[in-house]
Amino acid sequence: MEEIIQKEVVNDYFTAGIKAEVILDMLLRPVLEKVLNQLLRRKDQGVHFITKEFPIPTEANDNHNCNVDYLMYGEKAVYLIELKTSSTSEDEKQFENYIKQIFGSGRLNENFGNLFGNRFIWMLNHVSASGIGKGKNFDQVEWKKLQEELGCEDYERLKVLFKRIVSNCDIEDDGTENNQKKYEKKAQQYLKKTKKTGSAKYLFQAGQILDSSPESWWDKKVQLIYIVPDTVTFKTKLAKVKDESKLNMVNVISIEDIRDQLNDNVEYEKMLKKILKEIC
């Protein structure tokens with residue numbers, strides 16, 4: 001079985017038109033917490049997964065998004081993690097946008113909630129059939145209205161809005177209210193029952209966020225991590241961007257760094273190690 005998976009993954013990786021990062025993303029997810037805890041041990045501890053494809057604003061700061069591959073948190077920071085599998089996929093404009101959104105003027109000392117959390121709550125409300133205080137843009141007037149109508153602040157707004165949305169779908173309480181995965185499970189029930197797709201799936205991300213105990217990380221500062229095939233090539237290429245001075249504020253990890261953390265005595269990690277060696 002291991003040989004079949006390895007062969008098919010490598011073949012898909014080198015097949016034109018197939019998104020290699022999607023393949024690698026799926027394979028890395030089960031070991032990503034372990035690997036990052038090892039690689040960041042001098043900078044942070046207790047790194048945990050929150051969700052994938054978390055939406056952040058584009059350079060225009062309008063209603064459009066670019067999705068970062070992973071959202072994770074540790075004891076000291078919340079991490080936006082971008083995965084790149086080849087030098088051709090290392091997008092300078094995307095990098096400049098991340099730098100602007102995290103480290104731009106007036107943003108350097110802001111926490112996750114102020115930079116991205118509040119906007120995510122607004123987006124969840126905006127695409128929901130049970131949304132309140134709707135508007136076309138994420139502006140201060142609209143945000144105040146949403147805050148007043150929900151009657152709470154910070155990550156608690158997400159919890160209140162989430163419960164309001166799923167309650168409108170008559171999701172029954174199955175006795176798991178106190179279980180760790182209660183919000184994620186209710187999100188799955190809601191999306192399955194309503195057959196909603198696309199932007200409504202922000203609800204599933206909201207469930208994952210709520211399950212990750214946001215009270216422990218919502219107010220932490222944000223850091224950027226790039227996982228790339230080769231750190232030297234990446235840094236040389238991105239040294240040409242407008243915000244070159246911010247490059248030293250980014251954690252850059254190579255695929256080889258990750259491979260070195262995998263254990264040959266664990267079957268899955270041994271298989272992944274072989275795959276990474278072949279494709280990166």
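**Note on the predicted model: helix packing and selected residues**

1. Contacts along the chain. Of the contacts between residues at least 6 apart in sequence, 65% join residues at least 24 apart. The model is a predicted one. Its secondary structure comes to 11 helices and 5 strands. The chain has 280 residues, and buried residues make up 48% of them.

2. Helix 1 against helix 2. Helix 2 covers residues 20-39, and its axis comes within 9 Å of the axis of helix 1. The two axes cross at roughly 150°. Angles over 145 degrees count as roughly antiparallel, so helix 1 and helix 2 are roughly antiparallel to each other. Helix 1 passes helix 2 in a left-handed crossing. The contact is made by Val9, Asp12 and Tyr13 on the helix 1 side. Ala20, Ile23 and Leu27 make it on the helix 2 side.

3. Helix 1 against helix 11. Helix 1 (residues 2-13) also packs with helix 11 (residues 267-279). The angle is about 30°, and the axes are 10 Å apart. Angles under 35 degrees count as roughly parallel, so these two helices are roughly parallel to each other. Here the crossing is right-handed. Helix 1 brings Glu2, Ile5, Gln6, Val9, Val10 and Tyr13 to the contact. Helix 11 brings Glu267, Met271, Lys274, Ile275, Glu278 and Ile279. Note Val9 and Tyr13: they are listed in the contact with helix 11, and they are listed in the contact with helix 2.

4. Helix 3. This helix covers residues 92-103. At 1.5 Å a residue, its 12 residues should span 16 Å, and its end C-alpha atoms are 16 Å apart, which agrees. Is helix 3 mostly covered or mostly exposed? It is mostly covered, with 9 of its 12 residues buried. Among the buried residues are Phe95, Tyr98, Ile99, Ile102 and Phe103. Gln94, Glu96, Asn97 and Gln101 are also on the buried list.

5. Helix 6, span and buried side. Helix 6 has 12 residues, 156-167. From first C-alpha to last it reaches 17 Å, close to the 16 Å expected at 1.5 Å a residue. Which residues of helix 6 are buried? They are Arg157, Leu158, Leu161, Phe162, Ile165 and Val166. They cover an arc of only 150° around the axis, which puts them on the same side of helix 6.

6. Helix 6 against helix 8. Helix 8 covers residues 202-211, and the axes of helix 6 and helix 8 come within 10 Å. They cross at roughly 130°, and the two helices are therefore oblique to each other. The crossing is left-handed. Leu158, Lys159, Phe162, Ile165 and Val166 of helix 6 take part in the contact. Their partners in helix 8 are Leu203, Ala206, Gly207, Ile209 and Leu210. Leu158, Phe162, Ile165 and Val166 are on the buried list of helix 6.

7. His48. This residue is in strand 1 (residues 48-57). His48 and Gly74 are 26 residues apart in sequence, but their C-alpha atoms are 6.3 Å apart in space. Leaving out residues up to four places away in sequence, His48 touches Glu33, Met72 and Tyr73.

8. Glu53 is not a glycine, yet it has a positive phi of about 50°. Glu53 is in strand 1. At 37% relative accessibility it counts as partly exposed. Ser213 is not a glycine either, and its phi is positive at about 60°. Ser213 lies in the loop between helix 8 and strand 4 (222-228). At 32% relative accessibility, Ser213 counts as partly exposed.

9. Asp154. Where does Asp154 lie? It lies in the loop between helix 5 (140-150) and helix 6. Asp154 is partly exposed, with a relative accessible area of 37%. Gly113 is 41 residues from Asp154 in sequence, and the two C-alpha atoms are 7.1 Å apart. Not counting residues up to four places away in sequence, Asp154 touches Ile121 and Trp218.

Terms used. Residues numbered from 1 in each chain as written. Predicted model: local features only at pLDDT ≥ 70, side-chain atom pairs only at ≥ 80, totals over all residues. Heavy atoms only, no water. Helix = DSSP H or I, 4+ residues; strand = E, 2+ residues; numbered from the N terminus. Expected span 1.5 Å × (residues − 1). Buried < 20%, exposed > 50% of the residue type's maximum accessible area, 1.4 Å probe, protein only. Arc of directions from axis to C-beta. Axes fitted to C-alpha atoms, helices over the stretch in contact; angles between N-to-C directions. Parallel < 35°, antiparallel > 145°, perpendicular 65-115°, else oblique. Left-handed = near helix turned anticlockwise from the far one by under 90°. Contact = heavy atoms within 4.5 Å.
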